[in-house]
Amino acid sequence: MYMVESKGGAIACMLFSLLLLGTWPALLTLLERRGRFPQHTYLDYTITNLLAAAIIALTFGQFGPSTPEMPNFLTQLSQDNWPSVLFAMAGGMVLSLGNLSTQYAFAFVGLSVTEVVSASITVVIGTTLNYYLDDKINKAEILFSGVACFLVAVCLGSAVHSSNNADNKTKLDNYSNDCKDGVRTNGVTSFKPTNFNQGSTNGLDDGDASEKAKFGTAAFLIELENTRSIKVLGKGTFIGLTLTFFAGICFSMFSPAFNLATNDQWHTLKDGVPHLTVYTAFFYFSSFCFVIAMVLNLTFLYYPILNAPKSSFKAYLNDWNGRGWALLAGLVCGFGNGLQFMGGQAAGYAAADAVQALPLVSTFWGVVLFGEYRRSSRKTYTLLAGMLLMFTAAVAILMASSGHRK
């Protein structure tokens, strides 16, 4: 099989993973803002996410001859390695719960802040665990300086959201006071809603009503509320931040679990049984991620949460608006996760947590595609700049701590 062994190759995997993992949340956000049911989107996403793991396992995991010490993917499927498999499956479970939480948090808190806060928590907790699991192959003085920067980014991310939320409230209050046609921010009745799941002619390929108003204006916020599938105007920040912190805790657990699955630091395997390769572990990891996502989202079709729309399995099968974007998001995330683990196996999973710089990419998409922070206050812009600066420094420091697994 093909294994990444050099530090340069590991860093290349991390950088490519960073680009992919920062892009798929933007695709899910795009669909939610254009009215597609979140349950439909996530069901499509999780199918191709598993497909990506299968492709990686059957290509990179099968290249070259199989040896007793390093068996190929198909060979490992029949070996007695269930303790490691269970660790991989546990990692897939918490990743699935984290991704599902962020899908709703994107609506309440915004793409940029959700990614920054959850990724920062991931690094603070997950990187520390991985450092000790990896037998301290990373440079501690450098690694934990990066972790400290991530911790500061968490605080700044929360402050950015609070400030931007106050800016939006001011815009909506002023709009309500100045409006002469009866529009109110709690009614949001003068704009025609767009519902892509009930036969609307304004499909995802045609754009949405929010494009008629300028980014950052009160009219844009009201039109967006009519279009999106999860209604958030008038809701407090507590729900969004709670979802974001829960997602961060889940994300902080999946990489250490994967680390245990591939390196067996707790010596759970029987003598003579080889460790799971990164490709076999990733396949089991993604398979259980798929199972959890399918069970929860099929349930949410009939019993939705957080005021999401109710649906059915038949409606999901017939909903083709935006399905291509959802399927693409799953592939992008799957290959991004695979590259992260390939780099982590070579340079240490603590250093590979540098891919949590994905909010840098997500913030770019948030500003360009969704108009986040447009027409906000100077205070919000200052906090946003500080957050991104700390985040950039943290990632650079974390990559500089890369070691080499023996």
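Colleague: How many residues does α15 have, and how far does it reach from its first C-alpha to its last?

Modeller: Helix α15 has 23 residues and reaches 33 Å between its first and last C-alpha atoms, close to the 33 Å expected at 1.5 Å a residue, where the expected span is 1.5 Å times one less than the number of residues. Please keep in mind that this is a predicted model, in which local features need pLDDT of at least 70 and side-chain atom pairs count only at pLDDT 80 or more, while totals for chains, interfaces and linings use all residues. Residues are numbered from 1 along each chain as its sequence is written, and side-chain values use heavy atoms, with hydrogens and water left out.

Colleague: Which residues of α14 does α15 meet?

Modeller: Leu388, Phe391 and Thr392 of α15 meet Pro359, Leu360 and Thr363 of α14. The axes of α14 (residues 358–370) and α15 (residues 378–400) come within 9 Å and cross at roughly 145 degrees; those axes are lines fitted to C-alpha atoms over the stretch in contact, with angles running from 0 to 180 degrees between N-to-C directions.

Colleague: How many nonpolar, polar and charged residues are in that contact of α14 with α15?

Modeller: The contact of α14 with α15 holds four nonpolar residues, two polar and no charged, with Ala, Val, Leu, Ile, Met, Phe, Trp, Tyr, Cys and Pro counted as nonpolar, Asp, Glu, Lys and Arg as charged, and the others, Gly among them, as polar.

Colleague: New topic: how many residues are in the largest nonpolar core?

Modeller: The largest nonpolar core has 89 residues, and those with the most contacts inside it are Met14, Trp24, Phe258, Phe285 and Phe341. Helix α5 (residues 82–109) gives the most to this core, with twelve residues, and apart from it lies another core of eight residues, including Leu172 and Phe220. Such a core is a set of buried Ala, Val, Leu, Ile, Met, Phe, Trp, Tyr and Cys residues joined through side-chain atoms within 4.5 Å.

Colleague: Where is the kink in α6 centred?

Modeller: The kink in α6 is centred on Gly126 and is about 30 degrees, a bend being the angle between axes fitted to the seven residues ending at a residue and the seven starting there. The 23 residues of α6 (residues 111–133) should span 33 Å at 1.5 Å a residue, and the end C-alpha atoms are 31 Å apart, which agrees. Of those 23 residues, 18 are buried, and just after α6 Asp135 takes a positive phi of about 60 degrees.

Colleague: What about Asp264, buried or exposed?

Modeller: Asp264 is buried, with a relative accessible area of 7%, and has a positive phi of about 50 degrees although it is not a glycine. Asp264 is found in the loop between α9 (237–263) and α10 (278–302). His267 lies in that loop too, with phi near 55 degrees, but His267 counts as exposed at 67% relative accessibility.

Colleague: And what does Ala329 touch?

Modeller: Not counting residues up to four places away in sequence, Ala329 touches Trp24, Leu27, Leu28 and Tyr45, contact meaning heavy atoms within 4.5 Å. Ala329 lies in α12 (residues 323–347) and is buried, with a relative accessible area of 0%. Ala329 and Ala26 are 303 residues apart in sequence, yet 8.6 Å apart in space from C-alpha to C-alpha. Helix α2 (residues 24–33) has ten of its ten residues buried, and Trp24, Ala26, Leu27 and Leu28 are among them.

Technical notes: Buried < 20%, exposed > 50% of the residue type's maximum accessible area, 1.4 Å probe, protein only. Helix = DSSP H or I, 4+ residues; strand = E, 2+ residues; numbered from the N terminus.
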